[in-house]
Amino acid sequence: MSYRIAVDIGGTFTDYVALDEETSALKIYKSPSTPKNFADGVMNCIEGAGIPLNEVSFLVHGSTIVINALTERKGARTALITTQGFRDALEIGRANRTDLYNLRFQKPTPFVPRKYRFEVTERLDKDGNVLIPLDENDVKEIATRCKKEGIEAIAVCLLHSYANAVHEEKVGKLLRELLPEAEISLSSEVIKEWREYERSNTTVFNAYVKPVARKYLDTLKEIMKQKGLQHEPYAMLSNGGSATFEMTKMTPINVIESGPVGGVIGGNELGKILDEKNIITFDIGGTTAKTSLVYNNEVRLTNDYYLERTPIYPGYPVRSAIVDIIEIGAGGGSIAWIDPVGNLKVGPQSAGADPGPACYNIGGTDPTLTDANYISGRIDLKRFLGDKYNIDIHKSRDAVAKIASHYNISVEEAARGIIRIANNNMMNALRLVSVRRGYDPHDFVLVAMGGNGGVHGPFLGKELHVKKIIIPRNPGVFGAWGMLMTDMRQDYIQTRVTPIVEDHLDAINSIYFELIENANDVYKSYGLYDVYVTKAADIRYVGQEHTVKTPIPGHTLDSKDIPLIRKSFESLHEQHYSFKLETTPIEIVNYHVIAYCKVQKSEIKPIKIQGSTKDAFRTSRQVDFDEYGLIKDVPVYVREKLGNNNSIQGPAIIEEKTSVTVVYPDQKATVDDYGNLIVEED
Amino acid sequence: MAGVDRFTLENVADGLVAAADEMFLSWARTSQSTIIYEVLDFATGLTDAEGNLIAQANGVTGFLATITYSVKSVLKKIGKENLKPGDIILTNDPYTGSGTHLCDVSAIMPIFYGDKIIAFAANKGHWNEIGGKSLGSWSTNATEIYQEGLQFPIIKAYEQGKLNVAIRDMIEANVRTPSMTVGDLYAQTAALRVAEKRVLELCSRYGSDAIEMAIKQMLDNGKKLALQELEKLPHGTFEAEGYIDTEANDIDDVYIKAKVTITDDSFTIDLTGSGDQVPAPINCSRYGALGAARVVYRALVCPHADTEGNEGFYSPLKVIVPDGTIFSAVRPYPVSCNWEAFSHLVDLVVKAVAECVPERVTAGHFLSIVGTIVGGIDDKTKEPFVLCEPQAGGWGAGFDKDGESGLVAIDDGETYIIPAEVAEHKYPIVVEQYSFNLQSGAGEYRGGYGLVRDYRICNSNAELTTIASRYRYKPWGLKGGNEGSNNKVQVYHSDGKMIERATFSNYPLGNGDLIRFITGGGGGYGDPLSRDPKMVLEDVENEYITIKEANEIYKVDIKLKSENIYLDIENTNNLRNNK
């Protein structure tokens with residue numbers, strides 16, 4: 001027997017999925033996350049699930065350790081070394097005032113205070129030529145200061161180091177000699193992209209979390225080994241791939257968004273299995289909803305990630321390969337409230353798991369989306385959580401009555417209002433990733449997951465006019481399932497502005513060659529050889545700022561490739577920005593090499609599920625379908641008892657262990673060969 | 001379909017706000033001009049059929065009034081009855097509604113549902129080039145508007161969906177970058193059609209009655225929010241005065257004054273008594289003043305009135321100003337640096353009420369955006385280069401916080417200062433320094449720090465155009481806090497000569513010359529002697545102030561003993577008690 005397992009730490013629960021390599025059978029398990037010591041929760045999960053670690057061929061772990069250390073400001077005491085004249089650049093940032101009319105706006109406080117920011121005499125020009133040589137005495141003095149101040153981690157970010165890392169490397173070497181106990185992060189080892197503030201902040205974040213991440217990964221690996229794990233464990237990265245724990249320790253910033261990525265990767269892998277190229281993933285949990293768009297089976301990366309950003313707060317830029325996900329404060333626990341002018345709002349405040357929705361009956365009195373869904377007959381919480389909580393519909397009604405009495409309407413009408421507002425919020429997020437970026441939803445399938453994916457997914461998919469809606473098997477742990485499907489992936493990005501003309505082909509080829517060689521060397525140094533790469537470039541029209549990520553042929557480029565690259569750039573440019581500048585020359589800004597290392601996996605096979613709609617029928621009840629009105633005697637089915645190809649005509653409710661699917665009157669739901677529920681217009 | 005209940009109306013309202021937002025994103029996405037998609041120097045919005053603002057999306061504060069008054073100027077000049085589906089009207093006339101300067105062009109489109117105008121989509125943005133005497137069209141030494149570019153006096157650029165080719169040809173003939181400028185006209189007008197499409201989708205889904213009901217509810221909610229907040233503000237009359245000291249065209253400092261009257265249901269700004277319009281481009285038109293008034297009104301009343309930031313919300317605001325002042329220039333007085341009058345108006349109103357609403361404001365900030373152009377012909381490429389940017393500076397302290405350091409001024413917003421590494425790729429310069437100017441107003445909370453930004457010219461030729469105010473007058477302190485520091489621009493010639501001024505116009509530079517922009521620090525809040533000695537210690541540790549300054553300004557005794565800095569509390573108490 002051999003298993004692949006994924007353990008994914010979430011805000012409330014740690015999810016576990018084991019895939020039997022021979023049969024494709026899944027075992028799932030959940031246990032509460034343990035914020036005091038996350039490794040405990042991970043091990044509880046592994047032990048609770050009961051599959052011994054010595055039968056595990058591949059273990060991947062999605063953790064929140066990095067993002068927690070950052071948001072809770074519990075990282076190392078960190079210093080920053082910069083070029084002379086730029087000590088304050090980290091604090092100045094880009095100087096933008098996001099909260100336009102607020103005279104009391106506050107900028108983000110840098111993670112390194114001024115007293116720990118040091119300048120060294122040195123300067124490179126934009127091409128990496130040395131204008132002022134490095135004064136090593138400055139570094140020695142700084143090392144002495146750092147020692148005295150008890151600095152645990154040092155970030156080094158010098159101007160134009162992406163073009164030439166020579167000074168950073170010298171500083172790094174000296175510091176590693178003088179301060180062997182401190183963790184050193186050089187910007188050129190983290191990200192070779194221009195823009196000094198963004199690169200400095202990313203390097204500072206990496207340094208800040210490095211000691212914490214190292215300790216966590218080392219401890220967890222040690223315990224797993226003791227419990228029988230024979231292979232190097234893997235960490236899920238924000239780029240949608242994985243890396244060994246050892247590699248992750250060097251650049252832990254690359255796991256900053258490892259959690260939500262699983263669902264996107266899962267959606268894409270599911271799409272590949274079902275022959276769907278374009279996918280919108282939608283993951284609705286207790287507190288937030290997350291959505292991402294996959295085009296042509298390619299997961300999109302964002303170049304616009306900021307920690308803690310809101311519409312009125314700029315947050316902190318992180319330049320790392322991160323899957324593009326939009327997250328909004330709309331989930332089952334989202335609280336409904338009335339704003340000062342009398343509008344009904346839902347979220348972003350959430351009742352979470354504690355005190356939870358009012359019906360949980362453990363102290364929550366605010367009306368939540370879950371309470372509204374319960375009142376409307378869409379979900380039957382007694383059946384779901386009856387063994388855990390003393391579920392009480394009256395508590396839901398009492399809570400929603402607060403909204404109802406404000407508008408002088410019935411509790412049912414208020415519940416419908418809450419659902420309608422929440423759906424509208426979710427719709428806005430879905431439109432943002434699709435229509436507003438120039439994609440036509442008709443070309444996409446919607447993969448709805450998370451505990452509430454099936455509750456809202458069918459309606460949202462209908463409104464968005466997607467081809468069909470897929471509610472995967474075990475939607476509650478789909479993110480962890482997605483993690484099982486990954487290969488190892490490292491992204492190497494290098495800024496070097498190069499015109500795409502014949503004269504520069506040699507330069508272009510040699511930059512790619514260096515990046516690929518470096519990628520191979522990195523994998524090799526961890527004993528990994530099965531590496532394959534894809535190339536891309538951020539290209540723009542000369543004179544424009546914005547770039548478009550464009551695929552680049554894998555072979556050594558020759559003059560015939562130039563018009564092909566231009567064509568592919570122009571069609572992408574037109575899709576993103578709606579115009580072409582046919583006579584304007586183009587240039588590469590960033591070179592991008594994606595280096596994968598294959599992880600051995602067996603193929604996902606169809607599974608035979610016996611069942612019939614007749615057996616699956618459980619009961620019928622009255623359900624509020626909003627615009628379709630209140631419908632009596634809506635049949636309720638048990639998903640686990642439905643077999644392959646069973647089809648259910650809406651209106652219907654399909655319940656399963658961790659979720660519910662609400663099928664609208666003009667929709668039908670069918671179980672496919674892999675056990676997914678496919679919801680389509682009838 | 002369920003009937004039109006209030007939750008449906010909320011979703012419709014949300015859809016209208018989203019339409020304005022989508023128009024914003026669409027233009028940013030489709031523009032070829034970096035001043036649109038990087039600097040976000042534009043705004044988009046929807047009004048009702050009478051020109052009342054329903055929803056607006058902004059990248060900077062400066063365009064807050066321009067959507068509504070541009071539409072109203074169309075209604076006034078052309079008239080509803082002469083508008084047809086597919087018409088798009090252009091105006092950049094500062095004196096009749098477009099408000100700011102000629103570079104900012106408004107485009108307005110009536111949205112017809114059936115044969116009835118249900119709303120207007122409008123947007124306004126900075127065109128890179130609109131002709132006139134200077135590259136980039138704004139200058140610091142114009143004396144008349146005719147030098148500042150091509151004027152669009154509320155004209156139909158599209159009639160029933162068809163481009164008026166004569167207008168396009170005139171634009172092409174009058175600007176220095178015809179293809180980019182015309183490209184931007186297309187992007188700007190295409191964005192209007194995105195909003196039209198969304199509004200019509202809402203109409204066909206919910207019916208035009210629901211749209212009209214939703215608009216009415218939005219405006220009612222806006223007003224309701226404003227009245228709720230006005231009730232909480234101190235009522236009475238508050239006054240402030242000051243000077244605008246740019247020295248542009250060697251004019252004298254311009255006296256400015258504002259009288260602010262707040263009641264339960266009105267907020268009136270009376271600018272009567274402010275100095276006359278001047279033959280330098282620092283004036284704003286009446287509509288510029290209305291924009292500044294909206295910015296400061298919103299800042300004081302409810303800065304986060306996003307969904308409600310509509311005509312209803314602004315309805316209690318009134319501005320009184322006679323024609324022909326610095327805040328109400330009339331043709332042909334120049335306005336290309338109108339942000340100077342605009343920003344000073346905002347600042348004056350804040351200053352007037354600050355002592356009475358300390359919890360809603362901060363002390364004075366560096367204020368002038370120090371608009372800058374460094375241009376020339378690049379020796380290597382032989383192509384022209386133009387670095388055009390604002391500077392960031394120090395903001396004032398608040399009742400519970402130090403001021404912000406290195407932040408763009410009130411007239412800017414989601415405005416990003418260009419990274420040194422990118423600037424050095426684009427322009428033949430080296431950014432030798434980007435650091436704090438450690439002069440700011442002391443106080444219980446101290447002002448934020450301005451910046452020092454150095455550009456070394458690495459080219460045989462270049463010229464500098466820039467304009468700053470608060471060159472001699474400093475940002476004001478609040479509740480006993482000290483004044484901040486001045487903005488200034490210095491040129492260090494390679495022969496050792498240094499020139500310092502507030503304003504430069506096409507000032508020639510050569511290889512090795514250095515331009516230093518020094519922006520002011522913000523004003524302080526409260527008595528410096530009330531500053532927590534531990535915060536003073538931190539300021540010393542962070543090298544914001546010296547031990548000597550801690551002692552002299554804050555009367556805090558900080559000692560240095562074998563390289564360790566510590567606070568002598570006992571001595572501090574003695575120093576402070578014997579003041």
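Analyst: Start with contacts. This is a predicted model. Apart from neighbours within four places in sequence, Ile410(B) is in contact with Thr61(B), Val295(B), Ser343(B), Val346(B) and Leu367(B).

User: Where in chain B does Ile410(B) lie?

Analyst: Ile410(B) belongs to the loop between β13 (384-389) and α10 (420-426) of chain B.

User: Is Ile410(B) buried or exposed?

Analyst: To decide, count the other C-beta atoms within 10 Å; a residue with 20 or more is buried. Ile410(B) is buried because 28 other C-beta atoms lie within 10 Å.

User: What is the extent of the interface between chain A and chain B?

Analyst: Count the residues on each side. In chain A, 52 residues are in contact with 61 residues of chain B.

User: Which elements of chain A give two or more residues to that side?

Analyst: They are α3 (89-92), α7 (196-226), α13 (411-433) and α17 (561-577) of chain A. The largest share, 5 residues, comes from α13(A).

User: What kinds of residue make up the side of chain A that touches chain B?

Analyst: That side divides into 20 nonpolar, 15 polar and 17 charged residues.

User: How far apart are domain 1 and domain 3 of chain A?

Analyst: Compare their centres. In the domain assignment of chain A, domain 1 covers 1-60 and domain 3 covers 488-597. Their C-alpha centres lie 38 Å apart.

Conventions:
Residues are numbered from 1 along each chain as its sequence is written. Chains are lettered from A and ligands numbered from 1 in the order in which they are written. This is a predicted model: local features need pLDDT of at least 70, side-chain atom pairs count only at pLDDT 80 or more; totals for chains, interfaces and linings use all residues. Helices (H or I, at least four residues) and strands (E, at least two) are DSSP runs, numbered from the N terminus. A residue is buried if 20 or more other C-beta atoms lie within 10 Å of its own, exposed if 12 or fewer, and partly exposed in between; C-beta atoms are placed from the backbone. Two residues are in contact if their C-beta atoms, placed from the backbone, lie within 7 Å. Domain bounds come from an automatic or database domain assignment. Ala, Val, Leu, Ile, Met, Phe, Trp, Tyr, Cys and Pro count as nonpolar, Asp, Glu, Lys and Arg as charged, and the others, Gly among them, as polar.
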